[in-house]
Amino acid sequence: MNVAELIERYNAGERNFAGVAQYGICSELTTINLSNIILSGAQINSFSRTNLRGAQLVGISSVRGGLAEADLSGADLTGANLTEAWLNGANLRGAKLIGANLTGAKLIGADLTGADLSESILCQVGLTKIKLDEECHRQVILTNALLWQTYLPDGTFVSSPRYHE
């Protein structure tokens, strides 16, 4: 299946592409609506400016991939490998990134309000330039996240590896 066929089947109402996506077929999908799609296990190169609201992206790999300005609000990215991924300007409001690897990820201007990064790996990541809704009681969740060489939203720098409480 090529990208055009995936989009055609999605537009026809199909949402579950987990089995297909495991083979890395979904490599270049930008500026389209794929809300609520299931792409668990996919290898993604570029989903920049794509609507992935509510998508099931469990275990995806987007190493050095482009997810800039993508709408990932409410998406499930549990266990995702987002090493050095470009997430600048992405909407990650309420997204699940539990156990995700965000080593070297670029998050400038990303909205992480209510995002759950519990048990994630955050190495060489700057969280000082992310967007957080100050009125929201649920800011970014970092419970048991492994941090090092990382700036927290309050400007604190974590130099040595440690788990966040």
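# Reading a predicted model: loops, core and overall form

Thr103 sits in the loop between helix 2 and strand 1. The model is predicted: local features need pLDDT of at least 70, side-chain atom pairs count only at pLDDT 80 or more, and totals for chains, interfaces and linings use all residues. Residues are numbered from 1 along each chain as its sequence is written, and side-chain values use heavy atoms, with hydrogens and water left out.

Q: How are the helices and strands defined, and how many of each does the protein have?
A: Helices (H or I, at least four residues) and strands (E, at least two) are DSSP runs, numbered from the N terminus. Here there are two helices and five strands. Along the sequence the pattern reads α-α-β-β-β-β-β. The radius of gyration is 15 Å, close to the 15 Å that the globule rule gives for 165 residues, so the protein is as compact as a globular protein of that length. That radius is taken over C-alpha atoms, and the rule is 2.2 Å times the number of residues to the power 0.38.

Q: What box do the C-alpha atoms fill?
A: Taken along the principal axes, the box is roughly 45 × 30 × 20 Å.

Q: Which residues does Thr103 contact, beyond its neighbours within four places in sequence?
A: Contact means heavy atoms within 4.5 Å. By that test Thr103 is in contact with Leu82, Thr83, Glu84, Ile121 and Cys123.

Q: What share of the contacts with a separation of 6 or more joins residues 24 or more positions apart?
A: The share is 14%.

Q: Which residues touch the most other members of the largest nonpolar core?
A: A nonpolar core is a set of buried Ala, Val, Leu, Ile, Met, Phe, Trp, Tyr and Cys residues joined through side-chain atoms within 4.5 Å. Buried means under 20% relative accessible area, exposed over 50%, partly exposed in between (1.4 Å probe, protein chains only). This core has 44 residues, and Leu77, Leu82, Leu87 and Leu92 touch the most other members. Take Leu82: leaving out residues up to four places away, its contacts include Ile60, Leu67, Leu97, Asn101 and Thr103. Across the protein, 44% of the 165 residues count as buried.

Q: Is Leu39 buried or exposed?
A: Leu39 is buried, because its relative accessibility is 0%. It lies in the loop between helix 2 and strand 1. Its C-alpha is 4.6 Å from that of Ala18, 21 residues away along the chain.

Q: What should I look for in phi?
A: Most residues other than glycine have a negative phi. Arg64 has a positive phi of about 60°. Its place is the loop between helix 2 (18-21) and strand 1. Arg64 is exposed, at 58% relative accessible area. Asn144 also has a positive phi, near 60°. Asn144 belongs to the loop between strand 1 and strand 2, and is partly exposed at 40%.

Q: Where does Thr143 lie, and what does it touch?
A: Thr143 is in the loop between strand 1 (121-123) and strand 2 (146-148). Apart from residues up to four places away, it touches Ser118, Glu119 and His164. Thr143 and Ser118 are 25 residues apart in sequence, yet 4.6 Å apart C-alpha to C-alpha. Thr143 counts as partly exposed, because its relative accessibility is 38%.
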